[in-house]
Amino acid sequence: MSLLNERFAEVGPLAAMETQLARAGVAARGRLHADDESALRYGLSLARCWQVRAPDGLDVPVAALLRPLRERVLQILWPLLDPQRPRLAEPYELLPAARVVLAETRAALADLAASLGHRLPFEWLDSEVRERHLVLVCGGGGGTSYVHLAAFALLESAGIQPDLIAGSSMGAILGLFRARERRFDLARIPEILQDLTYRKIFRIVPQRSVYGLPGPLRLHLRAAIGHWFRHPDGSPLRLSDLPIPLLVTVTGIRRGKLPRPLEEYEQLLGAATEDPSAWGLRSMHRNVQRLSAAIVELARAPRLAQRLVLGVSPDTQGIDAIDAAGFSASVPGVIHYDVLRDDPRMTALLDALFERHNLLRLCDGGVVDNVPVRTAWQHVQRAGLPGSGSRNIVVFALDGFAPRLLTPLWLPLQGVAAPAVARNRPYAHLYKAFRKTLSPLLLLPSQRSLDAIVHAAKTELLADLPVLQRLLAPIGEIPAV
């Protein structure tokens, strides 16, 4: 078991209890006293601390000193805040637990001050414990991912802005649009979509494959939307330039491991069309079956596919943001994205990436990680959030491609993604699988379709918003003795 897996084994139950406490607080409708809730939240948050950024910019390990607190908090609160508990805890049940947790928390703070006070002032520790930060994870799935826009808009209207975004495939493209500005304006999306057509984004003209896995449809993302991701001087935005940090998941195919010749991926779907939404039902069934088989080969072959996360390290933070999203959205055997322009800087970055990981090609991040929750959590635990160095995060995961019996055509592909999603779900405080979405093929919806799905998705999210707001609310001070 890796060190991060060991860490999650200890702190994961505490995060799950935080969510249950937030649900109980919402359900209590003001009957849970603010001091009691603060004591519980502070104790859970402190117990989760593993490393805390100090004034000198270095991380101070606190995990060992806080282990007794973790064990006591788990012992006291798990019977009340177990996610499998048939009903939410009532305020009268939480009151005595809050008093005990408060005493344990004060004792732990005293131990920390005695052992580490010279390196970690109380004010810095207190700030890390009390201030929460949102990490937003956007899953892939073609047109199903447009539900993410509803989350962007709803969070913005509630005054909530993410401090980090992680995305795969279409989730990476939409996440890129969200990351380009601190504030989100849903009214800009129609402006972006109105001059886009399938002919402008996709082409079938012959194109060599250098970095991307081949497919019949060539994704010309830079030509279609590149002007939205440029500096005033015309230079492209890099991942490191985005106002909101963005992590993009890409699948790397290792050299010598591809199960079929490269050229075969261009013929995988037979006769192609520039408008995927025009495929007939029989053609769609046949193509989905072929596509599912090809993706299963990539996802399940030992040591063939490698998850790469662009934006986690200085070398990948220099990649052009639109190229990162393009590679993440290049579906094997369907969509080919590549860097063929004369761009020595990007070529050097990609060549170094390929050499370092022994790669043959890049393709859709959804092949290995369609909802990259664990990726985001692990990155924050390793490095802290950019700027603050905080690790006190609330992870909200959005999944429009979860299996649904109402859309049997897509069950094979959804089944490919489902195991990785299931492994990732425990890392999220909140995971939202949308019941109603657009078709995966509807990559450029009409304004009417977009308005309808955004409205429906907002309605689905309304029940989660109060819980998310409670999780993100700053934690109150430890009540005076």
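**View 1. A three-stranded open sheet, ordered β5-β6-β9.** This open sheet has 3 strands in the order β5-β6-β9, and its pairing is mixed (strands pair if DSSP finds at least two bridges between them; a strand is a DSSP run of E, at least two residues, and a helix a run of H or I, at least four, both numbered from the N terminus). At the edges sit β5 (202-203) and β9 (335-336), each pairing on one side only. Look at β5 and β6 (residues 217-219): the two run antiparallel and are joined by 2 bridges. Across from R203 you'll find R218 in β6. What you see is a predicted model, where local features need pLDDT of at least 70 and side-chain atom pairs count only at pLDDT 80 or more, while totals for chains, interfaces and linings use all residues. Residues are numbered from 1 along each chain as its sequence is written, and side-chain values use heavy atoms, with hydrogens and water left out.

**View 2. Strand β10 and its partner β7.** Here β7 (residues 246-254) and β10 run antiparallel, with 4 bridges joining them. As for β10 itself (residues 359-363), 5 of its 5 residues are buried, so the strand is largely enclosed by the rest of the structure (buried means under 20% relative accessible area, with a 1.4 Å probe and protein chains only).

**View 3. G175, tucked away in helix α7.** G175 belongs to α7, which spans residues 170-179. This glycine is buried, with a relative accessible area of 0%. Leaving aside residues up to four places away in sequence, G175 touches F152, I165 and L246 (contact means heavy atoms within 4.5 Å). G175 and L247 are 72 residues apart in sequence, yet their C-alpha atoms are 9.0 Å apart in space.

**View 4. Helix α2 crossing helix α3.** The axes of α2 (residues 34-48) and α3 (residues 63-81) come within 9 Å and cross at roughly 135° (axes are lines fitted to C-alpha atoms over the stretch in contact, and angles run from 0 to 180 degrees between N-to-C directions). That angle makes α2 oblique to α3 (under 35 degrees is roughly parallel, over 145 roughly antiparallel, 65 to 115 roughly perpendicular, and the rest oblique). On the α2 side, L40, G43, L44, L46 and A47 meet L66, L69, R70, V73 and L77 of α3. Sorted by class, this contact has 8 nonpolar, 1 polar and 1 charged residues (Ala, Val, Leu, Ile, Met, Phe, Trp, Tyr, Cys and Pro count as nonpolar, Asp, Glu, Lys and Arg as charged, and the others, Gly among them, as polar).

How values were computed. Buried means under 20% relative accessible area, exposed over 50%, partly exposed in between (1.4 Å probe, protein chains only).
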